[in-house]
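Subject: Structure handover

Hello,

Here is the structure I promised to pass on. Please open it alongside this email; my notes follow below.

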Amino acid sequence: MRKQRHRSRAVLAAAAVAVLGVAGCDAVGGDSPGPSGTGAHKAKPSPTPTWNSSPASVAAVGDSITRGFDACAVLTDCPEVSWATGGSAQVDSLAVRLLGRARAAERSWNYAVTGARMADLPSQMGRAAARKPDLVAVMVGANDACRNSTAAMTSVTAFRAGFEDAMSTLRKSAPKAQVFVASVPNLKRLWSEGRTNPVGKQVWKLGLCPSMLGDADALDAAATERRDTVAKRVQDYNKVLEQVCARDRHCRFDGGAVYEYRFGTDQLSHVDWFHPSVNGQARLAEIAYRTVTGKKA
């Protein structure tokens with residue numbers, strides 16, 4: 001009887017060993033290595049971060065806003081106060097906030113051109129890519145809507161094709177460069193704010209954004225429809241910027257922050273009451289910095 005109980009214990013022990021042998025990788029922890037060829041679970045490596053919130057160099061592309069147009073003098077670029085790369089202490093540009101003033105002077109480049117539209121962005125992006133920057137800051141689209149008429153505005157299809165071309169151009173030379181994309185400002189709000197100043201309205205008559213600013217005081221049905229058409233096109237442009245950027249793992253869109261920012265008269269140039277003033281440039285720099293350094297886009 002004693003021998004039978006001994007044999008029974010031996011059988012149970014052997015069975016237990018067999019069960020643990022089959023389920024061993026789960027019993028001792030899912031990350032433990034299993035026998036070769038068993039298909040056992042293996043530890044998954046932590047995903048490599050795809051966004052560096054402390055880039056070492058910045059290139060900027062875009063239009064007159066990024067050139068600081070009319071922020072310092074009449075009908076003149078003032079890149080020193082550019083939200084993206086300017087060295088002015090009144091603005092503390094994106095480059096200055098990221099790199100420090102001394103390094104920003106050496107490691108940031110502004111390839112924006114006053115009057116540029118989306119069709120011009122691929123060539124600007126090519127010049128920026130040649131610098132192999134860690135970050136490219138983009139603000140473009142206002143001039144695509146600011147045309148002589150609503151019929152002359154850049155189509156949404158052409159706008160998308162231009163931005164895709166620009167991103168492709170960048171990726172050919174700088175595949176890992178990060179991209180910050182600012183939304184197109186709310187042009188209708190700029191009209192609403194600027195039209196309160198008689199001097200600004202006289203400057204607008206020189207041909208500044210006629211699709212939105214023409215006949216500034218007109219509130220009839222035709223003028224309202226014209227401005228609403230421009231406003232809708234700007235919203236469509238911003239959707240394109242967001243969608244194309246979302247397909248690139250190294251791109252961040254500002255989520256519409258520039259578009260939604262409520263520019264007041266202090267943030268508008270006192271030369272043309274449409275472009276950002278020095279104060280307005282500083283606000284744009286703040287938005288860009290928050291987006292670039294945030295944990296999430």
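Cysteine 78 is buried, at a relative accessible area of 12%. The link between cysteine 72 and cysteine 78 is left-handed, with -70° about the S-S bond. Please keep in mind that this is a predicted model.

The structure holds 3 disulfides. Another joins cysteine 146 to cysteine 209, S to S 2.0 Å. The torsion about that S-S bond is about -80°, so the disulfide of cysteine 146 and cysteine 209 is left-handed. This pair links distant parts of the chain, 63 residues apart. Cysteine 146 sits in the loop between helix H6 (142-145) and helix H7 (156-173). Cysteine 209 sits in the loop between helix H9 (198-204) and helix H10 (210-213). Cysteine 146 and cysteine 209 are both buried.

Cysteine 245 and cysteine 251 also form a disulfide, again with sulfur atoms 2.0 Å apart. Both of these cysteines are buried. The link of cysteine 245 and cysteine 251 is left-handed, at -115° about the S-S bond. How do the bonded cysteines pair when numbered in sequence order? The pattern is 1-2, 3-4, 5-6.

Now the aromatic rings. The structure holds 3 aromatic pairs. One of them is tryptophan 83 with phenylalanine 180, edge-to-face, at 6.0 Å centre to centre and 70° between the planes. Tryptophan 83 lies in the loop between strand E1 (58-62) and helix H3 (94-99), and phenylalanine 180 in strand E4 (residues 178-181), so the pair ties together parts 97 residues apart in sequence. Tryptophan 83 and phenylalanine 180 are both buried.

Tyrosine 261 and phenylalanine 263 form an edge-to-face pair too, because their planes stand at 80° and the cut-off is over 60. Their ring centres are 4.9 Å apart. Tyrosine 261 is partly exposed, at 23% relative accessibility. Phenylalanine 263 is buried, at 4%.

One more residue to look at: serine 108. Serine 108 belongs to strand E2 (residues 108-110). Is serine 108 buried or exposed? Serine 108 is buried, with a relative accessible area of 12%. The side chain of serine 108 reaches the backbone oxygen of alanine 104 at 2.5 Å. Leaving out residues up to four places away in sequence, serine 108 touches Val58, Thr85 and Ala95.

Best wishes

Definitions and conventions: Residues numbered from 1 in each chain as written. Heavy atoms only, no water. Helix = DSSP H or I, 4+ residues; strand = E, 2+ residues; numbered from the N terminus. Buried < 20%, exposed > 50% of the residue type's maximum accessible area, 1.4 Å probe, protein only. Polar contact = N/O pair within 3.5 Å; in protein donor to acceptor, adjacent residues only side chain to side chain. Contact = heavy atoms within 4.5 Å. Phe/Tyr/Trp six-rings, centres within 6.5 Å; stacked < 30°, edge-to-face > 60°. Disulfide = S-S within 2.5 Å.
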